[in-house]
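User: I've got a two-chain model open and would like to go through it with you, one question at a time. Ready when you are.

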Amino acid sequence: MTTERKLWFGAYLHTRITLLTGLLVAILTGFGIFYWTHVLEPQLRIDAQSNARFQSQALANLLGDVLAPGMDAHQIDAVVKVMDRALLFQHPATQTAFIVRIELEFDPDVVRLPPEQISLARGYAACATCFVTEVPVYGGPSRELIAIARVFGSDDFFRDLRDDVRTRLIEELALLLVLLGLLSWQITRLLRPLKEISEHVRERDIATLSPLPPLDRGASAEIRSIKEALDALLYKSHQYTESLRESRDQLGRQAKERAELIDELESKNAELERFTYTVSHDLKSPLITISGFIGLLETDLKQGDHERVDQDLRQIATAADTMQTLLDELLELSRIGRIVNPSEWVDLGELVDEVVAMVAGRIDGNRVEVSVAPDPPRVYGDRKRLLEVVLNLIDNAAKFVSTTERPRIEISFEDRKGEVICHVSDNGPGIDPRYHEKVFGLFDRLDPTTEGTGIGLSLVKRIVDVHGGRIWLESDGNGQGSRFSFSLPKPVEEAT
Amino acid sequence: MSPNERLLGIAIVLWLWSAGLGAREVESLRINAGIDLFPSFLAADLDIADKTDKDGALLLLLVHWDAEQEVEHLAAGLAEVGHIRDLPVRVRTVSVEALAEYRDARPAGMFVTERLPAEALARILAFGRDAGVLVISPHKGDVEQGASGGIWVGDRILPFVNMRALDAGGVRLKPFFLRIAKTL
């Protein structure tokens with residue numbers, strides 16, 4: 001049987017008590033009314049009537065003492081005197097007469113009275129509610145029936161008693177009802193906290209467990225004890241739940257980290273494969289050159305062509321230099337993220353100025369106009385690496401704008417919430433959007449005729465990645481210029 | 001103690017009947033009340049004047065079974081009445097066995113002084129019926145058994161009349177008396 005059921009047997013105890021109290025009240029009221037109408041009131045009436053008859057009998061005996069067969073009108077005064085005296089008696093409780101009226105009817109065969117005195121009446125007008133009793137009046141030594149007395153007994157005492165008893169009954173019933181109501185209310189009040197506790201617990205799931213609300217001051221010790229036990233249980237459950245949640249979060253984090261690690265490993269593996277392939281391919285090129293010119297060198301030496309020999313040796317030296325440069329830059333690339341300089345606050349403006357100074361030869365040679373936006377922000381990172389980033393971007397820009405009629409480079413900054421962005425824009429030939437990703441690849445040179453190893457932008461991307469930032473390119477190609485941007489996150493304390 | 005006071009006393013005691021009086025005491029009280037009402041019954045007999053004996057007196061028979069001594073006491077009390085309807089009263093006690101001796105004595109009325117076996121009561125009732133006189137028995141249940149009259153005891157003590165017995169014996173009572181009596 002669940003607590004959801006609201007049927008009688010499943011109802012809350014206080015509902016049952018309320019219903020029981022109502023039922024009890026109805027039964028008691030019904031019993032009270034039945035008892036009054038069918039038992040008490042009739043019994044009182046019979047009792048009062050019996051008393052009236054008994055008094056009538058006594059009166060008849062008194063009258064019998066003054067009556068005698070053959071009595072005449074002269075003796076009637078004694079009878080009247082007895083009747084009047086009987087009318088005088090008063091009930092001490094009501095201060096009203098016991099007997100309201102007496103009617104005496106003589107047997108005309110027994111007495112010698114004139115017809116107008118055969119019936120004698122004394123007292124007040126007959127009352128409708130009086131107890132009327134007819135009693136025989138015997139008289140004389142022979143106990144002959146001389147008259148029949150009709151006695152009107154007052155019902156005042158009965159009515160007073162009846163009203164009094166009824167009032168008392170009503171009062172007691174009302175008092176009983178009030179007491180029952182109070183009892184029901186008190187029990188309901190005592191049990192209400194149990195309902196609140198159960199509702200509180202039912203409304204919550206394992207994730208939102210909380211201590212029970214405070215109880216009223218009137219709550220009983222037993223209910224307080226239950227609450228304390230439940231609070232303790234809830235507290236333990238809460239702790240257990242928190243522990244489970246923490247473990248779950250930790251597992252989640254670990255899984256995420258593992259997944260990221262796997263992704264990173266896979267990415268590095270792929271990168272390593274590409275790197276291996278690219279390195280082997282690009283290193284092979286100067287080796288082939290060297291090998292080829294060594295063969296030519298043998299031939300030229302045998303022929304004694306010194307001029308060709310010098311040319312061959314220069315070619316071999318150039319190829320060796322190229323190879324050296326490639327290896328140096330590869331070594332540098334491998335150091336990024338592995339060998340880390342301490343981070344520090346770096347003023348981007350100073351960094352740009354330093355770079356502009358470093359590439360002043362190319363800038364001046366190509367007559368490139370360089371503009372730097374005011375109020376450059378500061379960034380936090382490896383200064384040496386960041387210098388390489390800016391150097392690569394500005395140097396590339398200066399290199400590729402040389403074909404433009406009025407070459408221009410603009411360096412601007414954005415200080416956003418949580419990150420700083422640096423844009424390096426030029427009005428060079430631009431890069432077709434199809435190659436925007438490719439430019440950051442190792443040894444990927446869009447124009448093989450240009451100088452460089454193709455490692456520069458890979459190196460830049462690697463540095464920005466290591467700093468937790470992003471790098472991207474915006475360009476429509478077709479001589480529309482290009483804009484390289486990189487972002488660097490602000491340190492947490494500054495970002496907040 | 002006047003007769004009325006005595007009747008009131010009897011009424012009070014009978015009223016308290018249920019308060020623990022024994023059957024014997026109640027019976028005794030009923031007999032006393034009945035003997036008080038016996039003259040009233042006789043006075044109410046419309047033909048009482050015709051029921052005198054050869055001496056012109058009303059012969060009243062107190063019939064008993066074996067309690068002769070107590071009956072004498074009742075007889076003495078009844079004899080004090082002296083006259084009923086101006087007719088002198090003569091009281092005799094008689095046993096059930098000796099009742100036949102009074103067949104020609106013209107009794108005016110009979111009173112059963114003690115509770116009798118059914119057969120004995122039947123003999124008395126038959127005697128009274130044949131004599132055309134009232135047979136009054138104060139014992140509970142005897143009126144229902146055929147006695148002409150008795151007493152009804154409640155919150156009052158009233159004459160109790162068996163109309164069929166009256167008719168069977170040819171006894172006529174005054175309507176005034178019957179008005180107040182309980183009838184069967």
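User: Let's start with A:E388: is this glutamate buried or exposed?

Analyst: Bear in mind that this is a predicted model. The relative accessibility of A:E388 comes to 15%, and the buried class takes anything under 20%. So A:E388 counts as buried.

User: Where does A:E388 sit, and which residues is it in contact with once its neighbours within four places in sequence are left aside?

Analyst: A:E388 belongs to helix α8 of chain A, which covers residues 383–400. With the neighbours within four places in sequence set aside, the contacts of A:E388 are A:E332, A:L459, A:V460 and A:I463.

User: Now for A:P136. Which strand is it in, and is it buried or exposed?

Analyst: A:P136 is part of strand β3 of chain A.

User: Which residues of chain B is A:P136 in contact with?

Analyst: Leave out the neighbours within four places in sequence, and A:P136 still has contacts in both chains. In chain A, these are A:A60, A:L145 and A:A147. Across in chain B, they are B:I157, B:L158 and B:I180.

User: How far apart are A:P136 and A:A149 in space?

Analyst: In sequence, 13 residues separate A:P136 and A:A149. From C-alpha to C-alpha, the distance between them is 6.2 Å.

User: Zooming out to the interface, what area is buried between chain A and chain B?

Analyst: On the residue level, 26 residues of chain A touch 27 residues of chain B. Carbon and sulfur atoms give 57% of the buried area. The total between chain A and chain B is about 2500 Å².

User: How many salt bridges cross between chain A and chain B, and which residues form one of them?

Analyst: The rule finds three salt bridges across the interface of chain A and chain B. Six residue pairs are in polar contact there as well, with both residues at pLDDT 80 or more. In one salt bridge the N to O distance is 2.6 Å, and the side chains that meet are those of A:E144 and B:R85.

User: Which element gives the largest share of the side of chain A that touches chain B?

Analyst: Four elements of chain A give two or more residues to that side: α1 (13–66), β1 (99–106), β3 (131–139) and β4 (144–153). By class, the side of chain A that touches chain B has twelve nonpolar, six polar and eight charged residues. The largest share, eight residues, comes from α1(A).

User: Back to chain A: the side chains of A:E419 and A:R416 meet in a salt bridge. Is A:E419 buried or exposed?

Analyst: The N to O distance between A:E419 and A:R416 is 3.8 Å, inside the 4 Å limit for a salt bridge. A:R416 has a relative accessible area of 41% and is partly exposed. A:E419 is at 17%, and under 20% is the buried range, so A:E419 is buried.

User: Over in chain B, B:D86 and B:R106 each have a positive phi without being glycine. What are the values, and where are the two residues?

Analyst: B:D86 is in the loop between β2 (83–84) and β3 (87–95) of chain B, and its relative accessible area of 72% makes it exposed. B:R106 is in the loop between β3 and β4 (109–112) of chain B, and at 45% B:R106 is partly exposed. The phi of B:D86 is about 65°, and that of B:R106 is about 55°.

Conventions
Residues are numbered from 1 along each chain as its sequence is written. Chains are lettered from A and ligands numbered from 1 in the order in which they are written. This is a predicted model: local features need pLDDT of at least 70, side-chain atom pairs count only at pLDDT 80 or more; totals for chains, interfaces and linings use all residues. Side-chain values use heavy atoms; hydrogens and water are left out. Buried means under 20% relative accessible area, exposed over 50%, partly exposed in between (1.4 Å probe, protein chains only). Contact means heavy atoms within 4.5 Å. Buried area is the accessible area (1.4 Å probe) that two parts lose on being put together, summed over both. A polar contact is a pair of N or O atoms within 3.5 Å; within protein, one must be able to donate a hydrogen and the other to accept it, and residues adjacent in sequence count only if both atoms are side-chain atoms. Ala, Val, Leu, Ile, Met, Phe, Trp, Tyr, Cys and Pro count as nonpolar, Asp, Glu, Lys and Arg as charged, and the others, Gly among them, as polar.
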